[in-house]
There are 2 protein chains.
Amino acid sequence: MNILVIGANGQIGKQVISQLKDDKEHTVRAMVRKEEQAEAFNKAGVEPVLANLEGTVEELAEAMKGSDAIVFTAGSGGSTGLDKTLLIDLDGAVKTMEAAEQAGISRYIMVSALYAEDRTRWPEQIKPYYVAKHYADKQLEQSSLQYTILRPGGLLNEPGRGKVTTDIEQGESSIPREDVASVIVAVLNAENTYRKAIPLVSGEHLIQEMVQNI
Amino acid sequence: MNILVIGANGQIGKQVISQLKDDKEHTVRAMVRKEEQAEAFNKAGVEPVLANLEGTVEELAEAMKGSDAIVFTAGSGGSTGLDKTLLIDLDGAVKTMEAAEQAGISRYIMVSALYAEDRTRWPEQIKPYYVAKHYADKQLEQSSLQYTILRPGGLLNEPGRGKVTTDIEQGESSIPREDVASVIVAVLNAENTYRKAIPLVSGEHLIQEMVQNI
């Protein structure tokens, strides 16, 4: 499969790229917004695709051409305003869904957030962010795409443990970003994860085993 | 019908209340957030309902009990932050849809904005607001409710003219709030407007005539 990673310059995006870079089964391309980010990926031997989530659906569909699967792991981040939460995390995300449909790409993996589906669990300080993720997920569920929504707990910058669980009552409340990236790679071909939303925290199951048991 | 106006203290809300207050066919109640707003409606002979769009779906369903139709004309307004755009204009609105479904109320009238469905027409400075309205409308279209979405052009604080059009190429770009309120009242019982989105600007047709021809 030819995979397009949207948000390739983000922390999870970079890990997905690095895990897929030398894969024999898949080819990966890095969608980024800035010329200098594109150059950096080029130098690292990864084909970049320049496109902006604030652009049109048509531009995004053009950027996706030739891809078999989309990984959406972009985020406006904590340092920008809530305008970007609305324009990137919500509308930008939904535009990529519409673009994928337009480009005839059906496989779509969304990195969401734990409890994005349940507004009674949204932390007070970042509720507006959860609103954006909630409705992006809703639109994906209402799309025609073969999606998998991953909903990881608190993201950690530490080496992956390779062990996770979807049982959020039993598991921990967090998960290393590297493990999230490994789950993205593991679900790419897993048809049993199509049209499902999967909560994800560190736990006791090997990633392959967890994915098989979805 | 017993009508609940959400955003009753807003400029369009007040006009809807005043047009329905002495109606023989309908009873109207004013949903407001603050005690002093409730008292003001009470004094004016309109039954108030205290509820907060940042509350739970269950609280909103409770507030709706006994209503036959919901009019949503609330807005976070220009003086609050974009957190409220996400929490009120988008999530608050969708919570009232879920609450209406929960309370068994099927008729729902949403005041949206002209071109909310078409992101290529969103004015640059207030794009984030349009994102919120766009996805609130989308959720309503995907709900089980008998909705009518009204999408008025630029809202004017001048007396109503009683004449409007849905032909946005032919009409003006704006419309008095009083005329929007009159259209809300006119569509309440109009089954031909169920599950439709209607653009609305000042034009050459009498309101009743326009509604009949939807």
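The legends below describe close-up views of a predicted model. Local features need pLDDT of at least 70 and side-chain atom pairs count only at pLDDT 80 or more, while totals for chains, interfaces and linings use all residues, and side-chain values use heavy atoms, with hydrogens and water left out. Residues are numbered from 1 along each chain as its sequence is written, and chains are lettered from A in the order in which they are written.

View 1. A salt bridge is a side-chain nitrogen of Lys or Arg within 4 Å of a carboxyl oxygen of Asp or Glu, and the structure holds 22 of them over all chains. With a relative accessible area of 16%, A:R119 is buried, while B:E98, at 23%, is partly exposed (buried means under 20% relative accessible area, exposed over 50%, partly exposed in between, with a 1.4 Å probe and protein chains only).

**View 2. B:R151 forms salt bridges with B:E117 and with B:E141.** The closest N and O atoms are 3.3 Å apart in the pair with B:E117 and 3.8 Å apart in the pair with B:E141. B:R151 is buried, with a relative accessible area of 7%, whereas B:E117 is partly exposed at 43% and B:E141 is partly exposed at 32%.

**View 3. In chain A, a network of salt bridges links A:E117, A:D137, A:E141 and A:R151.**

**View 4. A:Q37 is a buried residue in helix 2 (residues 35–43) of chain A.** Its relative accessibility is 14%. Leaving aside neighbours within four places in sequence, A:Q37 is in contact with A:N9 and A:V32, where contact means heavy atoms within 4.5 Å. A:L50, 13 residues from A:Q37 in sequence, is 9.0 Å from A:Q37 in space, C-alpha to C-alpha.

Methods: Helices (H or I, at least four residues) and strands (E, at least two) are DSSP runs, numbered from the N terminus.
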